[in-house]
Structure formats: structure tokens, C-alpha cells
Amino acid sequence: MPSDGYNWFLILVAIIASVVLVLINVYILVNFQHPEDRNQAWFPKFVVILGLTLAEMSILLLPLDVANRAACTESIVLSACNFALPMELLWYAVYMAMFVMMVAIVPFTLFYYEQDHDMSAWGKTVSSGWWIGGTVTVLALILGLCYGFLGYVDFPVTTLTSGLAPLGAPALDAAHKCIAPDSFASNGVSDGLACDANGGVPTETWSVRTSFPVYVIAVGSVLSWVLFICFGGVGIFAIPIDLVKSFLGRPKKVIAKSEYIRIAGKVAEQTKAVMADAREVQREERGTGKTRKTRRALAEINKRLVQLEEDELILQKMYPQGEDRDASWTVTVMGYYASLGGGVVCGIVSILWMLHIGLYMFPDPPQTPFLNRFFVDLDAAFGLLGTGAFALFCLYLIMCVIKGNVKLGFRLLLWTVYPMRLGNTLMSAFLFNVNLIMLSSLAVIQFCAKAFDGYAAETSVSDIFGQEIENLRGLGAIFRENVLLYIFFGVACLSAIVLGTDEVKASRQPRRNLDSM
């Protein structure tokens, strides 16, 4: 490895990781998309994959930043180190790209996709352009005014002074902390207050204008934390609980073809009954309008439809299709045991995250470095092993956000807006939720940078979040006092209790058995 820090291997890792993420996002898109969107809506699909890739790459920039910094030996000053990757420029480029995606490209694609199908392509483009133009103008005015009045970083500055004395002078021999500024006149020794920051020297405020990208990141981080608290707080325990639940509720045996036909007929009959009830509610709405009764009825119908979709998926697994049914059933069983193993591993990771927050992030000073020390020890055992573990812990949080987004959805009061459903998600819902995930990634990055500031010290991201944003006028106190972090911890604990209680109650209820239909 070159001693100046230039490491070609990091560039290769970045390229490979980008390709892998794109392939994973294509897989997610194919499995979640609605049948109506197959083999069409190519541009929205490209935007969805690009948005998900940007959100995930922004998380993986953290370990890349750490590895880039670690490539330079400690004997070389940072300013003289020839790094392989210009991380600060990469951070700003990714953030600005996500900002453009969130405020312009994704909303434009969403408006275009939801326009009337009878409208011409030019008409859709003009209409969507007007909506986006107005939105961007309003956001630019708000950000511009806020940046003009509040776009300053207020650094606390303590002025320390000390006098001078020749070697061997009595003032130098008797000095404990510093030399009195007037030592040449009196040969006295000061009490140390003038050169000891902890000795009562008054602190002043030094204000400096921050850059516009940093201010945009700070404002976006506040909104991002709201989503991260809701989605990440729920997802951090929903992932292990749902994986274990999937194993416990697995089908235990393969059924015969005659049994498959009988159960499929029952599912079809129930589906027809649900559709008849839905048409009846629609007729009632046309006569009386939307009332509490019709909304309750529609919610119940939606719940029944979701249950029927789950029944259909289970039925397909209980009667494998294709030429080699035994092999298909074996793969299904192995998948459920993999789900159990993944649930146990994810549960351990979630508990480690909560312990790290309680032991390292809340106390001042921290009780223990905890995961920071774990990553350092892994690096000492094998190069880049700690960086890889660090990447997995950070990436796990964005997976928690995605899980919380799918499980909870974006709610306006009691109604879920653009829900994500396996095999039944329209491109409009994809675009909306990708925007939420990109916005949430800002908080995930800030959270990881603060949680692992011992391991990720002197990195470019620590300069952005650790110095400027925490001292930003008006917003810095929110991050500096860990207000949002305490809320996240509380929501995560509450979600663990609620999800665990729901599963205990569900286990006491008689299980829905397809064989008895």
C-alpha cells in the first residue's frame, strides 16, 4: 500500500459496490411492482432504481470515508496526504444529487405518471413542469431567506494568552500553567486563568458564514430525522420480529392437487364475496357520500383483501408448481430456515445498536467505546474487516428505514398514503416512498457519524456533521443536545413493546389454517 494514502483498491470496491446495489434494487423493483406496470413505465423505474441506489450509496460512503482516511499513515499530515478519493467533494455531490432528485426529478416523474392517460406526452410534460417549477420556486425562496438570515455557524472561542520569558528566567522556572503577560515587569507568575480553557476564561462567539450546501444538508436533516424516528424506530425491531414470525407461520407440508383445487376454489369464493361487499359500499358512498360507516367498511374490506393475498401466497408454496416439485419445496423450506437465522442475527444487531446508544451516545463522557472498539479490534485482526462490519451496521439502519416504511407506511392522520405491497406496488407509490427513503438517509448518515465518531474520526463527514451543523445558528442546539436521538430511542423501545405484545396476543388466537377452509 502506498505510504501517501493513494489506494486504488478503494476505487475498485466503490465500483463493485455500486453495481451490486443496482442489481439489488432491480430485484426489489421486480418483486414489488404492480402487474399493470410490467414491461412499461421505464423512465419511472429508472428513477426509482437511481433514487434507491443514491440513498444506499450515501450510507456506504461512510465506511469508504473511513477506509480512505485510514489509507494514509499517521506519520503524514492530513493536508499533505494524497487520498485516492476526494471524499468531501463526493459527499457534497451525492447530497446535491439527492436534493435535486427529491425536489425536482422524482416529483416531476410522479406528476407525469399520474396524469390522465388521454393527455398527450407534451401536455403531461408541461403540466408536470408547472407543478415542479412552482414547488422549486417556493423552496428556493424559503431556503434563500433562511440562509440569508440564519446561515451562520457560531463557534465558541476562548482567547488564551501567555507572556514570554528567556530560558532560565525566574518567571519561566516558577510557571505552572503559563507565564504572566507582564512577567518582564514583575517577574511574577499568573494564576493560569489566561492560558487554561477550564480555568474560568470567558468564552466568546465567533460567527462565520457557512456554505449553502451545508445549510441545505442541515435543514434536510431536521426533516429527515422525523422520518428516521418514525420508520427507523419501528423497523429496527420489526425486521427481526417479522423474520422469526415468517418462520413460525411457515407451511408444514405439501398438499395434493385435489386439495389445492379445493382450497383455491374457496379462496376464489371469498374473493368474490369481498368484491361484492366493496361494490355495495361504493353504491352507498354515491348515495350518502363518505361517512364513518363507509370508511370503516372499506378498511375492513382492505384487511380481508390483504389476508386473501397472503392465503394465495401460502397456497402457492404448499403446492409447488413446475417439473421438479420436490426441489421447489426444499428451496422453500431452506428459505424459511434462512429467515429464522436472519431474524436471530438482525435481533442481535438491533440490541447492539440500542446498547451502543445507551452506553456511548447518551453519557458524557461515554461509559465505553463499545462498537467503536469492536471495529478497531477487527481492523487490527484483519485489514478492512472492521470497515466492512462498520458498513453493515450503517447499512442495517437504512434497511430498518425501508422496513418501517413498508410496514408503517406514510400516514396522514389514520390513512396510509402510497402503501408498499409485495407484487402490488404502482410506480407512483414507488416514487413517493423512494423520496422518503432518500430523505431519511440524511439522518442515518448523521446518526452513524455521531455514533461512531471515535472510529470515524478525522473523516470528511465528521467535519460536516460534527463541527458546522452542530454549531449552526438556530438548528445546532437540536443536534448538539441529542434531542432527536432521545426521541428515536424512545420510539424504538415503544415499538419493541408494541410489536412484541401484538405477536403474543396473535399467538394466543387460533391460527388461520388453509387446510380447514
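This is a predicted model: local features need pLDDT of at least 70, side-chain atom pairs count only at pLDDT 80 or more; totals for chains, interfaces and linings use all residues.
Two or more lining residues come from each of helix 3 (87-113), helix 4 (121-150), helix 7 (212-248) and helix 13 (427-451), and the greatest contribution, 10 residues, is that of helix 3. Of the lining residues, 26 are nonpolar and three are polar, while none is charged. The space in this pocket amounts to about 800 Å³. A pocket is here an open set of points on a 1 Å grid over the protein atoms alone, where a 1.4 Å probe fits and protein lies on both sides within 12 Å along at least five of seven lines, and lining residues have an atom within 4 Å of a point.

On the surface, F43, F46, L50, V100 and I105 form a nonpolar patch with about 440 Å² of accessible area together (patch residues have over 30% relative accessible area and no salt bridge, and nonpolar side chains are joined within 5 Å). Helix 2 (42-70) and helix 3 each supply at least two residues of the patch, the largest share, three residues, coming from helix 2. F43, which lies in helix 2, is partly exposed, with a relative accessible area of 48% (partly exposed lies between buried, under 20%, and exposed, over 50%).

Residues are numbered from 1 along each chain as its sequence is written. Local features need pLDDT of at least 70 and side-chain atom pairs count only at pLDDT 80 or more, whereas totals for chains, interfaces and linings use all residues, and side-chain values use heavy atoms, with hydrogens and water left out.

Note on methods
Grid points are joined across faces, edges and corners, and a volume is the space filled by probe spheres set on the points. Helices (H or I, at least four residues) and strands (E, at least two) are DSSP runs, numbered from the N terminus. Ala, Val, Leu, Ile, Met, Phe, Trp, Tyr, Cys and Pro count as nonpolar, Asp, Glu, Lys and Arg as charged, and the others, Gly among them, as polar. Patches are made of residues with over 30% relative accessible area and no salt bridge: like charges are joined within 9 Å, nonpolar side chains (Val, Leu, Ile, Met, Phe, Trp, Tyr) within 5 Å. Accessible areas come from the Shrake-Rupley method with a 1.4 Å probe; for residues, only the protein chains shown count as cover. A salt bridge is a side-chain nitrogen of Lys or Arg within 4 Å of a carboxyl oxygen of Asp or Glu. Buried means under 20% relative accessible area, exposed over 50%, partly exposed in between (1.4 Å probe, protein chains only).
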